[in-house]
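Hi,

Here is the structure I promised to pass on.

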Amino acid sequence: MKLCVIGTGYVGLVGAAIFADWGNDVIGVDIDAKKIEKIKSGEMPIYEPGLAEIVLKNIEDKRLIFTTSLAEGMKDAEIVFICVGTPQSDSGSADLSAVWAVAKEIGENLKDYKVIVTKSTVPVGTNEKVRQIVKENLKTKVEFDVASNPEFLREGCSVEDMKNTDRTVIGSDSKKALDIMKKLYEHLGSPIVEADLRSAEMIKYASNAFLATKISFINEIGQLCEKAAADVSVVAYGMGLDKRIGRHFLNAGIGYGGSCFPKDVAALYRTSTDQAYDFKLLRSVMEVNVLQRTHFVKKVTRKYGRNLSGKTFACLGLAFKGDTDDIRESVSLEVIRTLRGMGATIRAYDPEAMENAKKELGDANIEYAKDMYDAAKGADAIFILTEWKEFAGIDLKKVKSLMNEAVIYDGRNLLSKEDVESAGFNYFAIGKRTNGLEELKDESYMSASALLRNGNGK
Ligand SMILES: NC(=O)c1ccc[n+]([C@@H]2O[C@H](COP(=O)([O-])OP(=O)(O)OC[C@H]3O[C@@H](n4cnc5c(N)ncnc54)[C@H](O)[C@@H]3O)[C@@H](O)[C@H]2O)c1
């Protein structure tokens, strides 16, 4: 099939490459000329495991080309995918300006029947408006259909996710469009959910909001575990083995970030208020997520006070999660800003996100280390802020010998409490009693027996 993919970011570039790898002829379009030049010269503008190989192979096989001209990109395509960004606007809703701009340009250049597909995450009703904008901008009378085909890939494993998707959602009110779309995906063998436009749009938001809810839920269980002297990692493991619950997204930590969850949860909440419905659960999910990083920083201020000048902290992880260079809405950067704001000197390291983070954090009171051991040199504490696998394998003996004081704040519960404590560290984690917490002897930190008494109403 001949396809055009507009927007060559995390979704569009991966999508274009995989579609081409399935044997389709694909043209990727982006307004960012530098990005297009970079891809054409074989350099990937983003870090995604396995992506470069697939892009290069398909460019070489002449199934994948890139351009900045939307007119050229869509000319012969049967399907035109819109994969541009839909960031959060000031009001919390999705900023759809890039989608509207692309819809207008598609309308101006449409000369024969095509299916215009929105892959970007867009609120309910967006595809209907895309249809209207395309129609208003047509230069000649021509038939077209719109379809919603939300993307569920995860950054860090997006190549694998697209190839082995759990399901493909296709929303359209046109049988012709549904049949064309099914032709593209049915070889995958995974379920295809045929839906109306609005339900397809809602499936994406409901899915992300549900996953965010799982994260906030386990983070609250973690809060309770700390007070009740239980261990959230053990609790999550025990819960997750139940197939009705599932083990994914039950890792307690400093909260969710990234380019999707925060904006998608906020946008769904905004959709609910627009419909005069107060989605109370979602409001709490957002609130818990922000409080989670506050609780983490409190563990620091309870130990050192609010003036952190003179302290040097090694911060491991800048990306919003492991296996990506994406720092959008990274909780790690938020924590670093807070610690730095209280006077701490930061020594930061991330395997892939250093360049992106430098642009955000600058160089005031922050040094960028060449690896995790370099970051730990002379540090008063290590902070694990992103769940990179290499941090889990840290050599505790080696790192202790490099540090000023043996203290670890593990914001992702990446290390084993037993290993860290027996290596002589003062350890702070999420949702479990550790030697660090026990040492603080904070009054607000209720004992298990006191909690039980309160729970019994005595
Ligand atoms: N990143 C993810 O993990 C993920 C997963 C599922 C869905 N999504 C959704 O997919 C969409 C894209 O996300 P992303 O992370 O790939 O964004 P991104 O910011 O990485 O990429 C968007 C691209 O669109 C380009 N663009 C903007 N306006 C354009 C225009 N008028 N013409 C051509 N190109 C234009 C930008 O230059 C950029 O390269 C969003 O709606 C997002 O919510 C993202």
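**What I found**

Starting with the ligand: the residues of the shell around it divide into twelve nonpolar, nine polar and five charged. Of the 26 residues around the ligand, the nearest are Gly7, Gly9, Val11, Ser120 and Thr121; "around" here means that the C-beta atom, placed from the backbone, lies within 6 Å of the molecule. Helix H1 (10-21) and helix H5 (97-109) are the elements that give two or more residues to this shell. Helices (H or I, at least four residues) and strands (E, at least two) are DSSP runs, numbered from the N terminus.

Before you go further, two things about the model. It is predicted, so to speak of a local feature I need pLDDT of at least 70, side-chain atom pairs count only at pLDDT 80 or more, and totals for chains, interfaces and linings use all residues. Residues are numbered from 1 along each chain as its sequence is written.

**Domains**

The protein splits into domain 1 (2-195) and domain 2 (229-440), with bounds that come from an automatic or database domain assignment. Their C-alpha centres lie 34 Å apart. Domain 1 puts 16 residues into the contact and domain 2 puts in 15, where contact means C-beta atoms, placed from the backbone, within 7 Å. On the side of domain 1 that touches domain 2, the residues divide into nine nonpolar, six polar and one charged.

**The six-stranded sheet**

There is an open sheet of six strands in the order S11-S10-S9-S12-S13-S14, with parallel pairing. Two strands count as paired if DSSP finds at least two bridges between them. Strand S11 (366-368) and strand S14 (426-428) stand at the edges with a single partner strand each, so one side of each has no neighbour in the sheet. From one strand to the next, the twist averages 20°; the axes are lines fitted to C-alpha atoms (for helices over the stretch in contact), and angles run from 0 to 180 degrees between N-to-C directions.

Which residue of S10 is the bridge partner of Cys315? That is Ala348, and the pairing of strand S9 (residues 312-316) with strand S10 (residues 345-349) is parallel over five bridges. Ala348 and Cys315 are 33 residues apart in sequence, yet 4.7 Å apart in space, C-alpha to C-alpha. Ala348 counts as buried because it has 26 C-beta neighbours inside 10 Å. The cut-offs are 20 or more other C-beta atoms within 10 Å for buried, 12 or fewer for exposed, and partly exposed in between, with C-beta atoms placed from the backbone. Leaving out residues up to four places away in sequence, Ala348 touches several others, including Leu318, Ile336, Ala357 and Ile366.

S13 is covered on both faces: Val407 and Tyr409 on one side and Ile408 and Asp410 on the other are all buried. In a regular strand the side chains alternate between the two faces of the sheet. Strand S12 (residues 381-384) pairs with S13 in the parallel sense over three bridges, and Phe383 has Tyr409 as its bridge partner there. S13 and S14 also run parallel, joined by three bridges, with Tyr427 in S14 as the bridge partner of Ile408.

**Single residues to look at**

Two residues have a positive phi although they are not glycines: Phe249, at about 60°, and Asn413, at about 45°. Phe249 is in the loop between helix H10 (232-240) and helix H11 (261-274), and it counts as partly exposed because it has 18 C-beta neighbours inside 10 Å. Asn413 is in the loop between strand S13 (407-410) and helix H18 (417-422); with 22 such neighbours inside 10 Å, Asn413 counts as buried.

Asn58 is in helix H3 (residues 51-60) and is buried, with 23 other C-beta atoms within 10 Å. Not counting residues up to four places away in sequence, Asn58 touches Ala17, Ala20, Asp21, Arg63 and Leu64.

Finally, Ala94 is in the loop between strand S4 (79-82) and H5, and is buried with 25 C-beta neighbours inside 10 Å. Among the residues Ala94 touches, beyond four places away in sequence, are Thr86, Val122, Lys263 and Ala267.

Cheers

Methods. Contact = placed C-beta atoms within 7 Å. Nonpolar A, V, L, I, M, F, W, Y, C, P; charged D, E, K, R; others polar.
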